[in-house]
Amino acid sequence: MINLKKKTSAMVMSVVLTIMMVVTLTPAALLAETENVSAATVSAPKVTSGGTTWDCVYFGSYPQTEIVSEASQCGTYGNSYWGLSSDYEVDSGLYEKLQNASYDSNGDTAVDGVKYRRIKQSDVTYGTSGSSNHYNWSDSTTYHYFRYDKIKWRVLETSGGYAFLLADKALDAQRYNTAKASVTWEQSTIRSWLNGYGKTSNIYGTDYTQKNFINSAFSSSEQSAIRTAEVINDNSIQFGTAGGNDTQDKVFLLAESDVWNTDKAVSHGFSKAYNDYDKARRSYSTTYAKAMGTYSRTDYVYAGNCYWWLRSPGYNNSSETFIMYGGSVNTTGFSVNNFEVGVRPALYLNLSSQVWSNAGTVSSEVKITSQTDTQKELRKPVVKKLSKSYVKVFWNSIPGERGYEIARSKCSSEKFNVVKRVSCKYKSTIIKTPRNVKYYYKIRAYKTVSGKRVYGPWSSVVSYTLR
């Protein structure tokens, strides 16, 4: 006869021993295995004759997309060189909520669980109107509202369970230093702004503990996943200008050696020559960065490209190196108080943390399409009766588009709903329609860029009543 009691006791003891072994192994073996799995999800840039491809991650959030009640309120609207309909979202209901919301000292609020920032012209680094190279501020008193979106980062390298990240786009426009002066990275106001340092950390004694980048972009748990880096501040490669003391920072700007002249720069996916018009070094900027003052180029080849700061000194300590719109490195530099240069932060992210997600890849060969390229406005559609229950909508096609969206409303100026999305091979479509109801129709084209649908502007509106 089997002794069930003894057998049960033996089984329990076996389970206990197994659990103890697992617990004992966890710190040394299982956690290391977890880190390796996480680190394997992203890798260093891939450089081929066709360009550079970077793995990307989402980490943190920052104001980016503008919220408007009508498209013309956005400061990029109507810019035929680089304005995109993806710069903004039209939502009159949300816009009204944002107008009536309460804001903190940073201009931030939350509506329906989503974070937003409001700014007016006096809040920005450089605000102007009528310039084809800049966001158009139509007046100085109206607030503009921007949604916090996930920040997309390019992975420049991985090592020791960390990823070295560079923001995919310029996220803001800030002076390297608030006034022209002889200054190094250690003393600069942009270093204090990026990291939220107090007044003793920069030469002007400005306190950035309340208004800064790091606290806007990252929660406390996200900040704990950022390594405090040893930031090496070498002298200027060409001119020998002193780089100043090395620092320890969580957030910083890239150095010259990160983007040219070194094998490290090549491993990051960049050209070794400073004067190459390197596509890998070119950058776009977010709508918020444009509103803050970032310069956008208007040439067809470089449309929408911006300048972005490096932390290395230029010809002297009152000038700072930066990347040109064409991708070359300006080693002489802009004055440190220049107001239209974009900020692409860099940092080291702990890949074993649970605060980031994969964001696919991005290539140096992808060019964002502007409205002057293929995202053009269509002529207003033509609507005709097809039967007692259907109308047929016709439009002019635009070469290079992916497809078209037709929207309809009972009002000529609002509450349009997309009722049909069709392929680019069609120039007409059939829509079921109630009789004796006056509808207003409009159409826009779209294409896919880097996996994201980019829209052209809406056409003029046409009305039609099916009898």
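A salt bridge here is a side-chain nitrogen of Lys or Arg within 4 Å of a carboxyl oxygen of Asp or Glu. Keep that in mind and select Glu89, Arg147 and Asp149: salt bridges link the three in a network. One thing before you go on: the model you have open is predicted.

**Stop 1**

How many salt bridges does a search of the whole structure find? It turns up 14, and a few of them are worth a click.

Lys97 is partly exposed, at 42% relative accessible area, and Asp112 is exposed, at 62%.

Now pick Arg297 and Asp299. Their salt bridge has its closest N and O atoms 2.4 Å apart. Asp299 counts as partly exposed, with 28% relative accessibility.

**Stop 2: Asp258 and Lys264**

Select Asp258 and Lys264 next, whose side chains meet in a salt bridge at 3.3 Å, N to O. Is Asp258 buried or exposed? At 5% relative accessibility, Asp258 counts as buried, because the cut-off for that label is under 20%. Lys264, on the other hand, is partly exposed, with a relative accessible area of 39%.

**Stop 3: along to Ser267**

Stay with Lys264 for a moment and show its backbone oxygen. That atom lies 2.6 Å from a polar atom of the Ser267 side chain. Ser267 itself is in helix 7 (residues 263-267) and is partly exposed, at 37% relative accessibility.

What does Ser267 touch, leaving out residues up to four places away in sequence? Pro45 and Leu156.

**Stop 4: a nonpolar patch**

Finish away from the charges. Select Leu386, Tyr390 and Ile430, and colour the surface by residue. These three form a nonpolar patch on the surface, with about 250 Å² of accessible area together. Zoom in on Leu386, which you will find in the loop between strand 17 (382-385) and strand 18 (390-394). Leu386 is partly exposed, with 45% relative accessible area, so it clears the cut-off of over 30% that patch residues need.

Definitions and conventions: Residues are numbered from 1 along each chain as its sequence is written. This is a predicted model: local features need pLDDT of at least 70, side-chain atom pairs count only at pLDDT 80 or more; totals for chains, interfaces and linings use all residues. Side-chain values use heavy atoms; hydrogens and water are left out. Patches are made of residues with over 30% relative accessible area and no salt bridge: like charges are joined within 9 Å, nonpolar side chains (Val, Leu, Ile, Met, Phe, Trp, Tyr) within 5 Å. Accessible areas come from the Shrake-Rupley method with a 1.4 Å probe; for residues, only the protein chains shown count as cover. Helices (H or I, at least four residues) and strands (E, at least two) are DSSP runs, numbered from the N terminus. Buried means under 20% relative accessible area, exposed over 50%, partly exposed in between (1.4 Å probe, protein chains only). Contact means heavy atoms within 4.5 Å. A polar contact is a pair of N or O atoms within 3.5 Å; within protein, one must be able to donate a hydrogen and the other to accept it, and residues adjacent in sequence count only if both atoms are side-chain atoms.
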